[in-house]
Amino acid sequence: MSGRLRAISLRILQAVPVVIGVVVISFVLTRALPGDPAVYFAGPAADEASIAQIRKELGLDRSWPEQFAIYVGALLSGDLGKSLSTGQPVLSDLATRLPASLELTLVSLLLACAIAIPLGVLAATRPGSWIDHLCRILVTAGVSLPTFFTGVVLIYVFYYLLGFAPSPLGRLDFIYIAPPATTGFYLIDAAIVGDWSTWAAALRQLVLPATTLALFTLAPIARMTRAAMLSALSADFIRTARAAGLRGRTVLFAYAFRNALLPVVTTLGMVFSFMLGANVLVEKVFAWPGVGSYAVEALVVSDYAAVQGFVLAMALLFVALNLLIDLIYSLIDPRIGFSAQ
Amino acid sequence: MLKLTDLSVRFRTRRGPVDAVRSVSLELGRGETLGVVGESGSGKSVTSYALMRILDRGGEIVAGDAVYGGVDLRRASERAMADIRGREISMIFQNPRAALNPIRTVGRQIEDVLRRHSRATAQTARRKAIKAMEAVRIQDAAARYHAYPFELSGGMCQRIVIAIALACDPKLLIADEPTTGLDITTQKAVMDLIAELIRERDMSAILITHDLGLAAQYCDRIAVMKDGEVVETGASADVFGAPAHAYTRKLVSATPRDGAQLRGLLPAEARKPPPARAALGAPILEVQELTKTFPGKAGPVHAVKGVSFDVRDGETVGLVGESGCGKSTTSAMIVRLLDPTSGRIVFKGEDLARRPAARFARDPLRAQIQMVFQDATDSLNPRHTSRQSIEEPLRRLSPLGARARSARIEELADLVGLPQPLLDRFPHQLSGGQKARVGIARAIALEPRFLILDEPTAALDVSIQAIVLNLLADLRAKLGMSYLFVSHDLHVVRLLCDRVVVMRAGEIVEQGAVEEVMRAPSDPYTQSLLDAAPRPPVALAAE
């Protein structure tokens with residue numbers, strides 16, 4: 001077991017150069033963006049002198065290596081800088097907005113898995129049946145309808161026409177007060193303090209955007225589950241298991257499904273990462289105060305600190321995600337050990 | 001005990017229904033071992049899947065009956081069948097590693113069966129599983145209980161598969177090519193074990209195999225299948241000693257065995273006089289103290305530990321050994337796909353070992369040394385037609401223009417006996433023998449002096465193997481090539497080779513003229529290889 005612990009810490013160490021690389025690249029890229037934040041902040045009436053003064057205040061008059069050194073120094077003390085557009089420290093901006101995005105993403109991922117994986121398994125066990133066709137239709141519809149469109153349709157039907165859903169305006173209806181922030185996830189925070197009416201309200205707000213995202217992410221998961229199950233079911237060891245008289249359920253789950261899980265987990269990792277990036281549109285449609293819309297707004301106004309903070313946070317998240325997936329792999333498949341070299 | 005009457009199995013495919021098994025009738029008595037032999041596609045496996053009712057999707061029994069001990073297997077409910085499988089009738093399969101769940105410990109897999117058939121409870125399962133492993137002579141079974149299939153050798157995996165099959169004491173064991181893909185000494189060990197267990201437990205068995213020698217050695221009665229039909233049944237000695245059906249005769253004579261000649265493998269009407277060969281010349285290839293060491297997790301792996309041999313101009317040398325003996329590594333180094341760690345590969349007076357493998361593709365000597373690969377299917381690009389596959393080396397390494405290339409490809413097709421219309425087909429549209437011909441045509445396209453044949457017939461049926469071996473002999477005589485023939489089958493090596501080099505664990509244990517080595521091996525390992533080879537049926541009286 002200590003060997004495995006050592007292997008895991010080695011694997012974490014391997015992530016360090018990646019993070020350093022991300023710091024450098026995010027710094028360079030944000031500097032390479034067109035547009036001068038000093039001009040933007042000085043306003044339309046500014047003259048040369050005031051622009052120069054603002055540029056000096058922002059530290060933009062120094063050379064890139066100098067700016068980088070200052071940036072890294074601040075980073076090490078936990079200071080991600082101040083967002084020019086919100087006026088808040090980037091760290092606190094991210095601390096409130098990242099959980100919002102994560103909550104949305106995770107809930108929709110769970111929803112997508114809960115539908116897509118059983119659907120894929122059923123479709124694989126009965127190829128050519130109605131459930132297989134349903135799977136195909138859902139997959140095609142899911143990938144071909146853009147999220148902002150599904151989002152708007154859902155709002156129109158469930159909020160405007162039927163009135164089931166609350167107004168699509170953020171994470172919580174204005175009559176409720178946000179639960180005290182522990183994790184930043186409203187569902188968890190509300191549950192911790194036992195405020196179930198807030199919990200239900202937060203859930204109601206979540207349903208439509210999460211469904212929108214889930215419809216989109218369902219497609220790759222269902223498709224991969226079906227393909228992986230089909231190949232697992234045609235494997236030789238399934239025939240052995242059947243020839244030994246094992247029950248259909250055992251064959252399907254203990255033998256086929258566990259073997260099919262590996263590609264499904266890979267897909268989940270990929271889906272999760274592009275969801276975090278791609279849910280900007282959903283956040284916009286549902287006025288969700290997430291990190292995606294924050295980053296886009298910051299990018300538009302060349303808000304260096306905010307963009308850098310966003311890229312860095314995402315990179316760390318992805319590194320953690322990949323690590324998690326690697327760990328899950330080694331749990332599922334004994335053939336994948338950590339090569340301790 | 002088991003009786004099949006006019007059993008027919010049909011598969012629904014995209015190109016219409018295919019009758020895989022056509023009114024097969026077989027009988028099996030208690031304690032009897034029946035061999036079902038035939039070439040690929042003869043329906044021998046499908047017959048057994050049908051009676052177990054584990055046919056792949058699209059396959060169904062369309063006519064006939066299968067009755068086992070009074071139970072109608074065709075009409076029994078799925079629940080009843082699931083109770084019969086594993087408890088009354090069990091199966092073991094070819095390719096044992098793939099036949100086991102890769103991510104479940106072997107002990108658990110045995111437990112699954114025990115518990116399914118109520119032979120064990122959660123408390124006793126582990127002890128009984130270990131007992132089942134001991135029954136198939138697995139040493140240190142308690143430790144192996146926790147092993148995953150990838151941690152065990154092929155022979156050990158097959159023992160586990162046997163343990164799963166026999167865990168619930170079935171009355172009938174169906175072994176579907178149980179030793180295909182295993183080394184010859186492992187094959188003997190596994191077959192002896194199966195035979196012993198069958199005798200001990202007084203079981204009946206069906207052995208499905210393409211290997212006549214194996215069937216002759218281990219079965220009481222034989223059924224010969226061809227194109228979904230049983231063409232002949234009878235006691236082993238009768239079927240092979242005096243085959244009644246022309247197809248059985250063809251199979252028996254195509255099986256390489258002691259005393260057989262290369263031409264003798266072919267059906268009588270196809271036998272031409274053996275080609276005249278030029279006298280052997282000076283050594284064309286000298287391998288000197290060749291070594292290859294791979295870095296491994298647990299220290300370096302010495303795959304080849306200093307082998308030396310030579311091949312004379314026009315000579316065919318066999319390189320024989322079991323898997324892991326270093327024969328493939330050695331041939332990969334000679335064909336310059338792999339750099340040796342040390343040693344010399346002198347070809348026509350030049351040391352090839354000094355030319356890095358990575359750059360050898362552009363070397364002028366590349367055209368001189370070519371290779372025919374083991375798996376005729378996997379070594380062809382599935383998206384290239386035969387013509388494109390054969391053209392590839394010509395385009396890369398010959399100065400011929402498009403028209404001259406096209407003429408050369410047609411000439412090559414004639415040379416290897418590939419009908420011209422097949423040149424525009426893709427590999428999946430060709431039979432195994434035809435694919436082998438494409439592979440050979442590609443290898444000889446540049447008129448190499450030296451050809452490495454890496455088990456070129458291992459995946460082929462015996463009748464196709466006979467044709468390909470004869471083709472290789474003809475080409476050798478016609479084009480004056482030297483061969484290095486890599487194989488695990490001494491009987492095949494004897495037919496084609498002048499000399500043989502026997503390798504074991506990276507070293508050469510014996511080399512010499514092939515007849516001498518076969519008749520009086522000096523090394524005990526060679527002797528054990530010869531002993532392990534199943535005795536093919538006695539030669540036909542007609543010959």
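Tutor: Let us begin with domains, whose bounds come from an automatic or database domain assignment. The model itself is predicted. In chain A, that assignment gives domain 1 (2–76) and domain 2 (91–300), and the centres of domain 1 of chain A and domain 2 of chain A, taken over C-alpha atoms, are separated by 33 Å.

Student: What makes the crossing of H13(A) and H14(A) left-handed?

Tutor: The axes of helix H13 (residues 291–300) and helix H14 (residues 304–332) of chain A come within 8 Å and cross at roughly 140°. A crossing is called left-handed if the near helix is turned anticlockwise from the far one by less than a right angle, and H13(A) passes H14(A) in this left-handed way.

Student: Which residues make that contact, and how many of them are nonpolar, polar or charged?

Tutor: H13(A) contributes A:Val291, A:Tyr294, A:Ala295, A:Ala298 and A:Leu299, while H14(A) contributes A:Ala306, A:Val307 and A:Phe310. Ala, Val, Leu, Phe and Tyr all count as nonpolar, so the contact of H13(A) with H14(A) has eight nonpolar, no polar and no charged residues.

Student: How do you know that E1 and E2 of chain B are paired?

Tutor: Pairing requires at least two bridges, and nine bridges join strand E1 (residues 2–13) of chain B to E2(B), the two running antiparallel. Within E2(B), B:Pro17 stands opposite B:Arg12.

Student: Why are E2 and E5 of chain B called edge strands?

Tutor: The open sheet has four strands in the order E2-E1-E4-E5 (chain B), with antiparallel pairing. Strand E2 (16–28) and strand E5 (71–72) of chain B each pair on one side only, and these are the edge strands.

Terms used. Residues numbered from 1 in each chain as written. Chains lettered and ligands numbered in written order. Predicted model: local features only at pLDDT ≥ 70, side-chain atom pairs only at ≥ 80, totals over all residues. Axes fitted to C-alpha atoms, helices over the stretch in contact; angles between N-to-C directions. Contact = placed C-beta atoms within 7 Å.
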